[in-house]
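Trainee: Could you show me how to read the contacts in a model of this kind, one feature at a time?

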Number of protein chains: 2
Amino acid sequence: MLGSMTRPKDPVGPGLAALAGLMADETRAGFLLALLDGRAWTAGELARYAGVAPSTASEHLGKLVTGGLLTEERQGRHRYVRLADARVAQLVEDLAAHVRPPAAERPRTLRESSAGSAMARGRTCYDHLAGRLGIALTDALTGQGLLRQDTGFALTDAGLRWFDSAGIGLDRTGRRPLTRACLDWTERRPHLAGTAGAALCRHALDAQWCVRIGSERAVKVTSEGERAFAELLGIEPTALH
Amino acid sequence: MLGSMTRPKDPVGPGLAALAGLMADETRAGFLLALLDGRAWTAGELARYAGVAPSTASEHLGKLVTGGLLTEERQGRHRYVRLADARVAQLVEDLAAHVRPPAAERPRTLRESSAGSAMARGRTCYDHLAGRLGIALTDALTGQGLLRQDTGFALTDAGLRWFDSAGIGLDRTGRRPLTRACLDWTERRPHLAGTAGAALCRHALDAQWCVRIGSERAVKVTSEGERAFAELLGIEPTALH
DNA sequence: TGAACGCTTCGGCGGGGACCGAAAGGTTGC
DNA sequence: GCAACCTTTCGGTCCCCGCCGAAGCGTTCA
């Protein structure tokens, strides 16, 4: 071992440091977390959100786009940016999940608490559902034998049939995994992500099972949604509040 | 949206930036990648490995330990450090997996190639098996209906029985998932990680199905291992070279 | 006990990067 | 065409941090 100490450095090292460096700034980290809602933000929105000058935000966005974490779309005088893909979203989630523990409790204002409780009830997490709503769906799928969590995280054959009979199409052609466990920030437990999670979220919004609250990430279940979730997954409406 | 622009910043932002900052230095990134072999290194070994002064390495290790990514163990005049746990290993792997694509090809010396091919054949990845060996095992488990990859990543009931009958105990009490997909650097495909992957690796080393080459991460399959893998999983010996 | 060794602390140096304001380039709408 | 708007580029400042060598502390071994 001592003789081979001068071995060539792992070429991944610099790349890893560069990738981490993109997220190692508080402002850029704030951008990425904001963009976790899966939607496109303009440069100005992000600048105001993070409390920095537009010129500063512009420089940060340039780095994030060049680094492949964001994609941009120019429309007239606006520059819309969004997370490059689901893999980037997952990466940010994974990092963020690692952060939570030390955060612990902290003083909350009333406004924060109420906004927080709406978020805690139900929200989108990139392209799937999270919060108590996401957990309730994941638990129901598991309890009905449609999703297996005890030996990993995968849909069962019955689960495949359920999606089919519910009219929720699953695109299994891409390289993205069908299911994936995403650690829920508020519930501290995994909820359904991946292609299946995205399809379920998309269908729930399309079918008005839940609707976005304002233009925020938070969503709330409609009465129609309560009926659908009860009928299809045996979820009691009280579990959604 | 415009009115709520002054919303309180996500408290995760600073934490995320700090965590990423720990990996955003080339030297520290090199440390973490080296430590991905799952073993304990001394401060001096890491310093020589990365090509920095001992004092510099000491400062880096202090940050990594304080940040919770490493744990240390003092023995006499030595300071041994290792990755704090499997979650940290996973985090580093995930980041590194995101880096590979842009790396592309580059000139290789003969020494690198031969060392590389031994690593490519089989190696440990923190506490489980990777390289062609890891892929062969994962594929065989999948082909035999013991591991399900098409709808996620989970052991089947038959898979649970296989581990039991092979005498490989699975500790299912911890919070660590039983199975997890870990993207293989050289094969670009997922191999088995998690509690089951660690148990399989541990058993393979204990039973001398494979042995470490020198004190490196690379491992090679023994003739006894070839027999065991053929009998238990139907793997042809040629798939292991 | 003294010498060799591994690690840490400290002072100092140098480079990189985050930030802003001012000015300029495009786009939209009156 | 002109004004309002969003964004970008540029110059300049400041601070943080990675690096080293020297000195000091504790351990090991002769």
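Trainee: How far does a polar side-chain atom of B:R74 lie from a phosphate oxygen of DNA strand C?

Mentor: In this predicted model, the distance from a polar side-chain atom of B:R74 to a phosphate oxygen of DNA strand C is 3.3 Å.

Trainee: Which elements supply the surface near DNA strand C?

Mentor: Both chains take part: α2 and α4 of chain A, together with α3, α4 and β3 of chain B, each give at least two residues, and α4(A) has the largest share with 5 residues.

Trainee: How much area do chain B and chain A bury between them?

Mentor: Interface size is often expressed as the accessible area that is lost when the parts come together. Here chain B and chain A bury about 5300 Å², 65% of it on carbon and sulfur atoms, and 57 residues of chain B contact 58 residues of chain A. The interface has 4 salt bridges, including one between A:D150 and B:R172 at 4.0 Å, N to O.

Trainee: In what sense do the two β7 strands pair?

Mentor: β7 of chain A and β7(B) pair in the antiparallel sense over 3 bridges, and A:F153 has B:F153 as its bridge partner.

Key
Residues numbered from 1 in each chain as written. Chains lettered and ligands numbered in written order. Predicted model: local features only at pLDDT ≥ 70, side-chain atom pairs only at ≥ 80, totals over all residues. Heavy atoms only, no water. Polar contact = N/O pair within 3.5 Å; in protein donor to acceptor, adjacent residues only side chain to side chain. Helix = DSSP H or I, 4+ residues; strand = E, 2+ residues; numbered from the N terminus. Contact = heavy atoms within 4.5 Å. Buried area = accessible area lost by both parts, 1.4 Å probe. Salt bridge = Lys/Arg side-chain N within 4 Å of Asp/Glu carboxyl O. Pairing = 2+ DSSP bridges.
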